[in-house]
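Please examine the sequence and the three-dimensional structure shown below. The paragraphs that follow lead through selected parts of them in turn.

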Amino acid sequence: MKAAVLYDYNHPLKVESLSLNAPGPGEVLVKIHSTGVCHSDWHVIKGDWPHVPLPTVLGHETSGVIEDIGSGVKTVQVGDHVILTWKPGCGRCEMCQLGHISVCDEVPSVKSLPVSSESGSVVNQLVGLGGFATHTVVPEWAAVSVDRDVPFPQKALVGCAVTTGVGSVINTAKVQQGSTVSVFGCGGVGLSCIQGAKIAGADKIIAVDIKENKLDMAIEFGATHTVNSQNVDPVEKIRELSDGLGTHYSFEAIGVVEKTLVQSVECTRKKGVTVWVGAPPVGLDVTLDSRSLVFEKSILGSYIGSARPHIDFPKMLKLYKNGMLKLDEMLSQSHPIEDINLAFDAMKRGEVARSVITFE
Ligand code: APR
Ligand code: ZN
Ligand code: ZN
């Protein structure tokens, strides 16, 4: 197999040849078709999450086809189109038993990891998936079988950005029809929050970003108002746009600096609900005024949109097919694996809603 491997923080990924064993019992071999380039991969490159072991094949927003199955596999077959998930749920732990699959206590793992043909070293797979590769072996329960009549790049986006954003609105916050919503950050995740708010029937959707091209995209995906936080104080502007009160809900989909996490709390009204959707660097402290939550406001965490992948992935594809969820418009660029570092550059420059790496 060919894969893009991170050996050192803040270094380009190395595209190289790796060897992969056949799937063991309960495991499946997936021929990958598309993998989205997500800010979370970049968090790893930047060294924001030092708990991720290196070297590792990055990529976690992935679709493909089952090419081989190990013994005892029952829920998928060779030829199935699948979206991969890093939070499949073990079904046994307390969180799974309570239906909170996204925070399952078990980490999916496989018996054998790929090995670099050049250095002979064992290479990890980010969150057990390693999507920037032509192939991967994952546990059966991490491959969700889905409809064939949606293109692979669109399916890949459902594996992370779309489910994370839409799910944070629908599953985590349970946004009520007619409410007001603000969204900080208009990347793949934030644009999906905007789409989720539209699907939930929000009345006003205020998008915040520092890039005008991202704010134009926000309008295309359903925002009713935009705020460029480089020019104005977003908290004041959001209050002004919501009768001086603040919005009922706010979603922080940046996860990089303290400032926007604080602003996302300050911009909600009494009883307001803030959801921190972005996955910040380890050790990023946030200082809040101790009276921030006094008027019965709350802050919720959301991990992969509180998704139950075997329910939510097919649901997202249905919304797409019904014309309620824009996925084609989210695909800004497609690159071969050899150009993976260019795809990250485009994300850093804020040029794309999403780019995908595609394999023939
Ligand atoms: N204020 C407002 N917007 C900002 C700021 C800021 N200070 N800094 C960055 N942004 C905007 C960028 O311009 C961009 O449009 O936030 C957006 C982030 O988009 P991407 O980099 O494409 O990130 P995405 O993949 O959407 O992920 C967002 O969610 O899953 C997590 O780890 C992921 O923390 C990341 C977050
Ligand atoms: Zn992601
Ligand atoms: Zn579990």
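**Helix contacts and zinc sites**

Helix 1 and helix 10 are roughly perpendicular to each other (angles of 65 to 115 degrees count as such, while those under 35 are roughly parallel, those over 145 roughly antiparallel and the rest oblique). Their axes come within 11 Å and cross at roughly 105°; axes are lines fitted to C-alpha atoms, for helices over the stretch in contact, and angles run from 0 to 180 degrees between N-to-C directions. Helices (H or I, at least four residues) and strands (E, at least two) are DSSP runs, numbered from the N terminus.

This is a predicted model, in which local features need pLDDT of at least 70 and side-chain atom pairs count only at pLDDT 80 or more, whereas totals for chains, interfaces and linings use all residues. Residues are numbered from 1 along each chain as its sequence is written, chains are lettered from A and ligands numbered from 1 in the order in which they are written, and side-chain values use heavy atoms, with hydrogens and water left out.

Which residues form the contact of helix 1 with helix 10? His39, Asp41, Trp42 and Ile45 in helix 1 meet Phe344, Met347 and Lys348 in helix 10, where contact means heavy atoms within 4.5 Å. By class, four of these residues are nonpolar, one is polar and two are charged (Ala, Val, Leu, Ile, Met, Phe, Trp, Tyr, Cys and Pro count as nonpolar, Asp, Glu, Lys and Arg as charged, and the others, Gly among them, as polar).

Val162, Thr163, Val166 and Asn171 in helix 4 meet Asp312, Phe313 and Met316 in helix 9. The contact comprises four nonpolar residues, two polar and one charged.

Donors are N, O and S atoms within 2.8 Å of the metal (3.2 Å for Na, K and Ca); water is not among the atoms, so sites may look incomplete. Cysteine 38 lies in the loop between strand 3 (27-36) and helix 1 (39-46), and histidine 60 in the loop between strand 4 (56-57) and strand 5 (62-69), so the pair ties together parts that are 22 residues apart in sequence. Cysteine 38 is buried at 2% relative accessibility, and histidine 60 is buried at 4%; buried means under 20% relative accessible area, exposed over 50%, and partly exposed in between (1.4 Å probe, protein chains only).

The zinc ion (ligand 3) is held by Cys90 (SG), Cys93 (SG), Cys96 (SG) and Cys104 (SG), lying 2.4 Å from it. Its site is tetrahedral, with angles of 103 to 119° among the four donor atoms; four donors count as tetrahedral if all angles lie between 85 and 135 degrees.

Finally, some backbone details deserve attention. Lysine 271, in strand 15 (residues 268-276), has a positive phi of about 70° although it is not a glycine, and it is exposed at 55% relative accessibility. A cis peptide bond joins leucine 54 and proline 55, with omega about -10°.

How values were computed
Four donors count as tetrahedral if all angles lie between 85 and 135 degrees; four count as square planar and six as octahedral if opposite donors are over 155 degrees apart and all others between 65 and 115; anything else is irregular.
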